[in-house]
Structure formats: structure tokens, C-alpha cells
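Subject: Structure handover and findings

Hello,

Here is the structure to look at. Please keep it open while you read the notes below.

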Amino acid sequence: MKSALIKSTAAIFLICFVTVTGKAQIKRPHLLVSANVSYFNPQGQFADKYKFGAGGEISAGIGVDKTFLVATLGTSTFFAEDKIEANKLTVKPVKVGIRQFFLAKRLFINGDVGMANVKDKNTGISQNRFARGVGAGVRLFGLEGGLYYGGWKSVDESGFSNSVQVKIGWSMSL
């Protein structure tokens with residue numbers, strides 16, 4: 001009887017100890033919401049066909065401490081030099097990635113992968129292509145700016161249709 005009481009007391013003490021120290025170790029998850037506008041500067045063979053692009057995106061993520069899992073929806077239009085309405089390329093990516101903050105959540109790096117719906121207005125062809133990107137930025141007082149390098153698997157050539165992207169927008173962490 002005495003042995004069972006000691007074992008029960010030790011078990012209750014151990015459970016309480018693990019629960020209290022475990023709660024001290026677990027950090028509450030935070031939400032991240034952002035929206036931005038972007039300017040695209042095409043690179044490589046992609047720059048031979050399109051001179052610039054413009055667009056925007058919205059993102060939402062969940063994370064603990066300084067690391068967030070982020071989902072992004074975007075749209076962008078690339079314009080050919082001749083400015084003919086039909087010589088436009090519309091890209092709508094859906095991506096998931098990781099955002100890591102540094103220096104009191106002011107600086108960040110970001111990497112993501114996903115799919116992009118690429119529609120050529122000239123041919124009317126719409127295809128889903130693998131998309132990816134990587135970048136870095138700064139976040140101050142709810143404003144966010146970043147420099148990215150990204151693209152998607154080319155539709156009619158080998159390799160990727162890449163661009164350097166300048167993003168400016170709004171960001172909030174809850």
C-alpha cells in the first residue's frame with residue numbers, strides 16, 4: 001500500500017513537472033499576412049521576348065518564433081517591347097515556402113515553390129508550370145520591401161523564364 005502511494009505521488013509529480021516545463025518551452029504560433037505590388041525585370045532568353053512585368057500578390061502564413069510557413073497567390077503580366085495587346089503573358093502562381101526572420105523580425109529571407117498558370121495572349125494557350133523563387137527583404141512598421149529572383153519552367157524553351165523582382169507592400173504579424 002505504501003509503495004503504491006509513493007509510486008502514484010511520484011507519477012503525479014512527474015506529470016505536473018513535465019506539463020509545467022513543457023508549457024514553458026512551447027511558443028504560441030503567430031500569423032503573418034502580407035500584400036505587395038511587384039515590378040519584374042526579365043532575365044536571359046525570357047528578356048528577349050518580354051521587356052518588363054508588373055503584378056501583385058497576397059500571402060498568409062503561420063509560424064513559431066522567427067520561422068513561418070507561407071502560402072502565396074499572385075498575378076503578373078509581362079509586356080513585349082512592341083506594345084501590341086496580344087503580346088502579353090499572364091502568370092498566376094500559387095506557391096508555398098518558408099520565411100525566416102532575423103534581427104528582431106526586421107530582415108528576412110524567403111524561398112518558395114509551387115505551380116504557375118501561364119497564359120500567352122498571343123496564342124491563347126494556357127499551361128500550368130512548376131514555379132520557384134528566392135529572395136530577401138526588410139520589414140519596418142508594417143511596410144515591407146524585397147528583392148527576389150524567381151520564375152517558372154519555360155513553356156516553349158528549355159530551362160526557366162526568370163526575372164528579378166522588386167516587391168513593395170504591407171505586412172502584419174498577429
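Some notes below call a residue buried, which means under 20% relative accessible area; exposed means over 50%, and partly exposed is in between, with a 1.4 Å probe and protein chains only. This is a predicted model, in which local features need pLDDT of at least 70 and side-chain atom pairs count only at pLDDT 80 or more, while totals for chains, interfaces and linings use all residues. Residues are numbered from 1 along each chain as its sequence is written, and side-chain values use heavy atoms, with hydrogens and water left out.

Helices (H or I, at least four residues) and strands (E, at least two) are DSSP runs, numbered from the N terminus.

Salt bridges

Side chains of opposite charge can pair when their charged atoms come close. Here a salt bridge is a side-chain nitrogen of Lys or Arg within 4 Å of a carboxyl oxygen of Asp or Glu. By this rule there are three salt bridges.

One of them joins the side chains of Glu57 and Lys167, at 2.7 Å from N to O. Glu57 is in strand β2 and Lys167 in strand β8, so the pair ties together parts that are 110 residues apart in sequence. Lys167 counts as buried, at 6% relative accessibility, and Glu57 is also buried, at 13%.

Another salt bridge is formed by Lys95 and Asp112, whose closest N and O atoms are 3.5 Å apart. This pair links strand β4, which holds Lys95, to strand β5, which holds Asp112, and the two residues are 17 residues apart. Lys95 is buried at 10% relative accessibility, and Asp112 is buried at 11%.

Arg99 and Glu144 also form a salt bridge, with 3.0 Å between the closest N and O atoms. Arg99 is in strand β4 and Glu144 in strand β7, 45 residues apart. Arg99 is buried at 4% relative accessibility, and Glu144 is buried at 9%.

Cavities

Rolling a probe the size of a water molecule over the atoms shows where empty space is left. On a 1 Å grid over the protein atoms alone, a cavity is a set of points where a 1.4 Å probe fits but cannot get out; a pocket is an open set with protein on both sides within 12 Å along at least five of seven lines; and lining residues have an atom within 4 Å of a point. Grid points are joined across faces, edges and corners, and a volume is the space filled by probe spheres set on the points.

How many cavities of 30 Å³ or more are there? The count comes to three. The largest cavity holds about 170 Å³ of space. It is lined by 20 residues, and Phe40, Ser76, Pro93, Lys95 and Gln165 are the closest to its centre. Strand β3 supplies the largest share of this lining, four residues. By class, the lining has seven nonpolar, nine polar and four charged residues; Ala, Val, Leu, Ile, Met, Phe, Trp, Tyr, Cys and Pro count as nonpolar, Asp, Glu, Lys and Arg as charged, and the others, Gly among them, as polar.

The second largest cavity has a volume of about 120 Å³. Among its 17 lining residues, Asn36, Glu57, Arg99, Tyr148 and Lys167 are the closest to the centre. Strand β7 gives the most to this lining, with four residues. The lining has three nonpolar, eight polar and six charged residues.

The largest pocket

The volume of the largest pocket is about 300 Å³. Of its 19 lining residues, Lys49, Tyr50, Leu89, Asp120 and Asp156 lie nearest its centre. Both α2 (46-49) and β5 (107-120) supply at least two residues of the lining, and β5 gives the most, with three residues. The lining has nine nonpolar, five polar and five charged residues.

Two loop residues

Lys105 is in the loop between β4 and β5. Its phi is near 60 degrees, a positive value in a residue other than glycine. Phe141 is in the loop between β6 (126-140) and β7 (143-153). Phe141 is not a glycine either, yet it has a positive phi of about 50 degrees. Phe141 is exposed, with a relative accessible area of 80%.

Regards
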